[in-house]
Amino acid sequence: MRALRFSAISFASVLLSTFAWWVAAPSGAAAATTTNLHELCRQVKNDDTIRPYSHDLYDGTAKAFKKLFPDAKAAPQESELQAQASYRCMNGKVLVCFVGANLPCARMNAARDNPGADGFCNANPNDDVVPAFATGHDAVYSYKCRNGKAEVTGNPWQLDKRGFAAKLWAVLPGN
């Protein structure tokens with residue numbers, strides 16, 4: 001009888017430790033290794049989880065970079081891709097984005113009212129441009145200040161169906 005209890009306790013311990021690993025693992029870590037990212041995206045269709053760069057995706061990432069930035073003299077170095085490239089799934093495809101100072105890869109904030117812009121304009125009543133540090137880098141709209149009030153100006157970011165800036169994301173070749 002003791003052997004049975006010990007086995008049951010050991011089995012429960014293994015189950016708990018496996019569950020703890022699964023819960024602690026990054027979102028989709030078991031199923032979403034980058035070598036399987038194309039397959040994952042085909043299966044889940046849409047997943048807005050932003051995933052980091054992996055060398056396994058280097059060739060497609062370099063091609064996508066050239067497509068998004070045709071005037072660039074060369075593809076970024078591997079260390080730059082590690083810092084800048086992000087991936088997500090949309091419509092069963094892997095998409096890649098390259099984050100930059102004013103190139104937000106995150107889902108965008110489509111609200112016209114922007115408390116950061118309002119606060120900036122309160123302190124700078126007639127500035128022609130409200131900087132991204134005030135609006136948030138994920139703001140769809142640009143603003144200027146007129147008599148202490150934030151006013152939408154310019155063309156807003158065009159969003160894809162998932163709420164990301166459409167022109168910043170490219171399909172990763174190899175899908």
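**Close-up views of a predicted model**

**View 1. Lining of the largest pocket.** Sixteen residues line the largest pocket, and those nearest its centre are Asn102, Ala132, Tyr141, Ser142 and Trp157. The structure shown is a predicted model. The space in this pocket comes to about 260 Å³. Two elements, α6 (132-135) and β4 (142-146), each give at least two residues to the lining. Sorted by class, the lining holds nine nonpolar residues, six polar and one charged.

**View 2. Surroundings of arginine 88.** Arginine 88 sits in strand β2, which spans residues 85-90. Its relative accessibility is 0%, so arginine 88 counts as buried. The side chain of arginine 88 reaches the side chain of aspartate 160 in a polar contact of 2.4 Å. Beyond neighbours within four places in sequence, arginine 88 contacts residues including Cys41, Asp47, Asp48, Thr49 and Ile50. Lys93, Val94 and Leu95 are also among its contacts.

**View 3. The largest nonpolar core.** Nonpolar side chains tend to be buried together in soluble globular proteins. Here, the largest nonpolar core has 18 residues. Cys97, Phe120, Val130, Tyr143, Cys145, Leu168 and Trp169 have the most contacts inside this core. At least two core residues come from each of β3 (93-98), α5 (115-123) and β4. The largest share, three residues, belongs to α5.

Note on methods: Residues numbered from 1 in each chain as written. Predicted model: local features only at pLDDT ≥ 70, side-chain atom pairs only at ≥ 80, totals over all residues. Heavy atoms only, no water. Helix = DSSP H or I, 4+ residues; strand = E, 2+ residues; numbered from the N terminus. Buried < 20%, exposed > 50% of the residue type's maximum accessible area, 1.4 Å probe, protein only. Polar contact = N/O pair within 3.5 Å; in protein donor to acceptor, adjacent residues only side chain to side chain. Contact = heavy atoms within 4.5 Å. 1 Å grid on protein atoms, 1.4 Å probe; cavity = no way out; pocket = protein on both sides within 12 Å on 5 of 7 lines; lining within 4 Å. Points joined across faces, edges and corners; volume = space filled by probe spheres on them. Nonpolar A, V, L, I, M, F, W, Y, C, P; charged D, E, K, R; others polar. Core = buried A, V, L, I, M, F, W, Y, C linked by side-chain atoms within 4.5 Å.
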